[in-house]
Amino acid sequence: MREAYSPVPELNLLKEFEDRIGPVHYSAGFELCEYGGDAALDTWSEHPEFLSRFIPFAQAGHTGSHYALWRCDDRADLAALPVVLVGDEGDLRVVARSLTELFRLLAVDSEPVAEG
């Protein structure tokens, strides 16, 4: 059995879909990256406890911005966590209340806007 992409079933299904269709972008600027990877979050803060609250999982545009799950509390269902946009120019904003809501936004096929 192949190792799962993440501990989030919804993201695993999306990864399987991505693997099946190949390197085609199905939503503008969205591309899964290493789950829990770097995403340059260390440039945001010198406080490891703060940084550990974010779990990067996808690129958000072609400028270095990323999507991350925000561990705002200790809920067990990671897919129910808010999704934040970690902007390449210092932005940090909630863009969806959950993965399901983010997927709905991605269906519009529009790159996120990180500016205030």
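Guide: A nonpolar core is a set of buried Ala, Val, Leu, Ile, Met, Phe, Trp, Tyr and Cys residues joined through side-chain atoms within 4.5 Å. Please keep in mind throughout that this is a predicted model.

Visitor: With that term in hand, how many residues does the largest nonpolar core have, and which have the most contacts inside it?

Guide: The largest nonpolar core has 22 residues. Those with the most contacts inside this core are F30, Y35, F57, Y67, L69, L99 and L102.

Visitor: Which helices and strands each supply at least two residues of this core, and where does the largest share come from?

Guide: At least two residues each are supplied by the helices α1 (9-21) and α3 (99-106), and also by the strands β1 (30-32), β2 (54-60), β3 (66-70) and β4 (83-86). The largest share of the core amounts to four residues, and the element that provides them is β2.

Visitor: Which residues does L99 touch, if we leave out those up to four places away in sequence?

Guide: L99 is one of the residues with the most contacts inside the largest core. Leaving out residues up to four places away in sequence, L99 touches V8, E10, L11, F57, L69, A79, L81 and V83.

Visitor: How many aromatic pairs does the structure hold, and what kind of pair do F50 and F54 form?

Guide: The structure holds four aromatic pairs. In the pair of F50 and F54, the distance is 5.2 Å centre to centre and the angle between the planes is 70°. Since planes over 60 degrees apart count as edge-to-face, the pair of F50 and F54 is edge-to-face.

Visitor: Is F50 buried or exposed, or something in between, and what about F54?

Guide: Buried means under 20% relative accessible area, and partly exposed lies between that and the exposed range, which is over 50%. F50 has 36% relative accessibility and therefore counts as partly exposed. F54 has 9%, so this residue counts as buried.

Visitor: Why is the pair of F57 and Y67 stacked, and which strands hold the two residues?

Guide: The ring centres of F57 and Y67 are 6.4 Å apart and their planes meet at 20°, so the pair is stacked. The two residues are ten residues apart and the pair links distant parts of the chain, with F57 in strand β2 and Y67 in strand β3.

Visitor: Are F57 and Y67 buried or exposed, and which residues form one aromatic cluster?

Guide: F57 counts as buried because its relative accessibility is 0%, and Y67 counts as buried because its value is 5%. The residues that form one aromatic cluster are F30, F57 and Y67.

Visitor: Is P48 buried or exposed, and how many Å is it from R71 in space?

Guide: P48 has its place in helix α2 (residues 48-51), and with a relative accessible area of 61% this residue is exposed. P48 and R71 are 23 residues apart in sequence, while in space, C-alpha to C-alpha, their separation is 13 Å.

Visitor: Finally, what pattern does the protein follow along the sequence, and what is its radius of gyration?

Guide: The protein has three helices and five strands, and read along the sequence they follow the pattern α-β-α-β-β-β-β-α. A compact globule with 116 residues would have a radius of gyration near 13 Å, and the value for the protein, which agrees, is 14 Å.

Technical notes
Residues are numbered from 1 along each chain as its sequence is written. This is a predicted model: local features need pLDDT of at least 70, side-chain atom pairs count only at pLDDT 80 or more; totals for chains, interfaces and linings use all residues. Side-chain values use heavy atoms; hydrogens and water are left out. Buried means under 20% relative accessible area, exposed over 50%, partly exposed in between (1.4 Å probe, protein chains only). Contact means heavy atoms within 4.5 Å. Rings of Phe, Tyr and Trp (its six-membered ring) pair if their centres lie within 6.5 Å; planes under 30 degrees apart count as stacked, over 60 as edge-to-face and the rest as tilted. The radius of gyration is taken over C-alpha atoms; the globule rule is 2.2 Å times the number of residues to the power 0.38.
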